[in-house]
Amino acid sequence: MTVLQIMSAADAQVLLRTTDADAIARELAPHGVHFERWETREAAPGDDVLAAYAGEVARISETGGFRLVDVVRMRPDDTDPAWPELARAAREKFLSEHRHDEDEVRFFVDGRGCFYLHLDDRVYAVVCERGDLLSVPAGTRHWFDMGTRPEFCAIRFFQEEDGWVGDFTGDPIASTIPYLDELLAPAP
Ligand SMILES: [Fe+2]
């Protein structure tokens with residue numbers, strides 16, 4: 001389920017929660033954050049998701065000036081004793097507030113992840129799922145939570161080889177806002 005939950009940055013009070021894709025795009029657009037949904041399709045055998053979405057990938061690359069595209073995957077593997085630590089380390093990497101010199105653009109082929117955008121005195125948590133594209137403008141304070149059991153496949157777009165280095169702000173705000181697992185937990 002794709003979700004936008006807007007919260008007060010000061011105390012995480014929920015100001016708006018919606019699962020309506022049009023409403024999500026409308027709320028984000030004034031901040032320069034682009035959200036759109038793509039018609040989903042199965043990847044061809046061999047799992048070539050870039051080929052399956054070639055038209056959309058070309059359009060985004062052209063309009064955003066992205067020269068590099070890749071695919072990132074996280075999938076639980078309970079047969080691998082190293083997996084819990086791999087998952088924890090992967091999750092930790094961008095779980096604190098940071099920003100980048102270039103736009104962070106992701107299309108979710110499968111699974112889910114949550115972008116938290118710190119915009120003025122609010123936090124916009126966007127839970128992205130299969131079919132969702134989110135573009136976070138360069139310089140936007142944000143963090144990303146893949147949850148305690150990361151499972152997703154995403155197409156990533158880059159402008160420069162080294163453009164996507166995280167500049168961490170040192171603000172501990174991420175620890176004061178509900179994480180992905182909590183955001184999706186059923187209300188008590
Ligand atoms: Fe980031």
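I call a residue buried under 20% relative accessible area, exposed over 50%, and partly exposed in between, with a 1.4 Å probe and protein chains only. By that cut-off Arg156 is buried, with a relative accessible area of 18%.

**Ground rules**

I am working on a predicted model, in which local features need pLDDT of at least 70 and side-chain atom pairs count only at pLDDT 80 or more, while totals for chains, interfaces and linings use all residues. Residues are numbered from 1 along each chain as its sequence is written, and side-chain values use heavy atoms, with hydrogens and water left out.

**Entry: salt bridges**

I took a salt bridge as a side-chain nitrogen of Lys or Arg within 4 Å of a carboxyl oxygen of Asp or Glu. Side chains of opposite charge can pair when their charged atoms come close. How many salt bridges does the structure hold? I found 13.

I looked up Arg156 again and found its side chain in a salt bridge with that of Asp70, at 2.8 Å from N to O. The pair links distant parts of the chain, with Asp70 in strand 4 (residues 68-74) and Arg156 in strand 10 (residues 152-158), 86 residues apart. For these elements I used DSSP runs numbered from the N terminus: helices are H or I of at least four residues, and strands are E of at least two. Asp70 is partly exposed, at 24% relative accessible area.

Next I checked Arg149, whose side chain meets that of Asp78 in a salt bridge of 2.9 Å, N to O. Arg149 lies in the loop between strand 9 (141-145) and strand 10, and Asp78 in the loop between strand 4 and helix 4 (83-93), so this pair ties together parts that are 71 residues apart in sequence. Arg149 is partly exposed at 47% relative accessibility, and Asp78 is exposed at 60%.

Is the pair of Arg106 and Glu104 buried or exposed? I noted that Arg106 counts as buried at 5% relative accessibility, and Glu104 counts as buried at 4%. Their salt bridge has its closest N and O atoms 3.8 Å apart.

I also recorded a network of salt bridges that links Glu42, Asp110 and Arg130.

**Entry: cysteines**

I required a pair of cysteine sulfur atoms within 2.5 Å for a disulfide. The count comes to zero. Cys114 is buried, with a relative accessible area of 0%.

For Cys153, the closest cysteine sulfur is also in Cys128, but at 14 Å, again too far for a bond. I have Cys153 down as buried, at 2% relative accessibility.
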